[in-house]
Amino acid sequence: MTAIDSPKHKKAKALKSTSRRPAKELCSECGLCDTYYIHYVKEACAFINQQIAELEAETHGRSRNLENQDDWYFGVHQDMMAARKKQPIPGAQWTGIVSTIAIEMLDRGMVEGVVCVQNTKEDRFQPMPIIARTPEEILAAKVNKPTLSPNLSVLEQIEQSGMKRLLVIGVGCQIQALRAVEKQLGLEKLYVLGTPCVDNVTRAGLQKFLDTTSKSPETVVYYEFMQDFRVHFKHEDGSIETVPFFGLNTKELKDVFAPSCMTCFDYVNSLADLVVGYMGAPFGWQWIVVRNDTGQEMLELVKDQIETQPVNSSGDRRNAVQQSIPAYDKGVTLPMWAAKLMGVVIQKIGPKGLEYARFSIDSHFTRNYLYVKRNYPEKLADHVPEYAQKIVNQYKLPPS
Ligand code: FAD
């Protein structure tokens, strides 16, 4: 390619790691600005130009149907199920469905590389995005790095490598920016395997969360906010520590989450072809959302390695969400005995399956809506997608 027909973005320069990002404090460090694709940041950044509906239409052939509540909550989809691997991958976040799909795609030659995130040698929670070209490299990326991760920082390497078929694994903000620049990547086929994501933190924020919440922060290898309304910490020796959500020190933790995550309304990764999470499934199972035919093709690859069951839903989340809104706002922390008791009661009679997912989405969207309204009132109209506004409208919010 000559300099004349070289795309404009190649003349752009990645930002230095110390430079202030275009989205300022709302930057989620997705990695786009670490590449010459920064050229497109004003259109592509999820926090500068929210365009989920437009990108859904381009990617899935339609945007959410706003008459259909399932679409408000879970996005465009053609199938949903609970699933788990018959033989889980040891050390994966859940049963390792994400890693298994990626390995199958590479093994069968459907893709030449997989964008995923390993950790650095020195720190198990410090993200290190890579383009994996072997199953071993994919396996080494298993388990969540519960920190903002610049997955898109490897995008320049893709163009330079001449790769034509690629799988990208990522969370919502990374995938929004990726979809916005997809046509510039020179690929013949892009597959996107997403996970839901919420309440992410910087590496320093993670340390504060661990120090405030776990009895042994330095030995935590994994944690998850589980469907039993407890945070489960797994430690190096294999032991599990659980802390009820209602016992978290909300006052201390209020500013621990990244501002980007406090303004995010893409919990369920609207633009991935296939989403693998857990929150719409029974305890111990993963939750799969197939958004389009490409996602179905990806899921087919592992059908013989997983067991599945239909999604179900029970309970009523609305009272619990409504009550949690002022409690969170005032930073109320229950004494541990009361938190444990509340956890036991809500686990018995509380929302389950898809209703649990709705509980989590409602709680986060109402909190985030208030945050945007108070801190970025000028962004409110454009930044909050219509489906999120409908979700928030179901609740009475405290005055700003
Ligand atoms: P594994 O086979 O262990 O693979 C995990 C994959 O995640 C790896 O390929 C890795 O590249 C990728 N990854 C790890 N960290 C990051 C990161 N920071 N950014 C981008 N990619 C990453 N699911 C829910 O249902 N509800 C939630 O609230 C929720 N919150 C999440 C928050 C975060 C920060 C993350 C990363 C995921 C979250 N998930 C959530 C998804 C869920 O925790 C599991 O990741 C998912 O079910 C896949 O499990 P697995 O065993 O198949 O993954």
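Where is the place of Val115? Val115 sits in strand β2, residues 113-119. The views below show a predicted model, in which local features need pLDDT of at least 70, side-chain atom pairs count only at pLDDT 80 or more, and totals for chains, interfaces and linings use all residues. Residues are numbered from 1 along each chain as its sequence is written. Strands (E, at least two residues) and helices (H or I, at least four) are DSSP runs, numbered from the N terminus.

**View 1. Val115 and its contacts.**
Val115 is buried because 29 other C-beta atoms lie within 10 Å (buried: 20 or more such atoms, with C-beta atoms placed from the backbone). Val115 touches Pro129, Ile131, Asn151, Val154, Leu166, Val168 and Ile169, leaving aside residues up to four places away in sequence. Contact requires C-beta atoms, placed from the backbone, within 7 Å.

**View 2**

**View 3. An open sheet of three strands.**
The order is β6-β7-β8, and the pairing is antiparallel. Strands pair if DSSP finds at least two bridges between them. At the edges are β6 and β8 (240-244), each pairing on one side only.

**View 4. Strand β7 beside β8.**
Strand β7 (residues 230-235) runs antiparallel to β8, joined by five bridges. Here Phe233 stands opposite Glu241 in β8.

Key: A residue is buried if 20 or more other C-beta atoms lie within 10 Å of its own, exposed if 12 or fewer, and partly exposed in between; C-beta atoms are placed from the backbone. Two residues are in contact if their C-beta atoms, placed from the backbone, lie within 7 Å.
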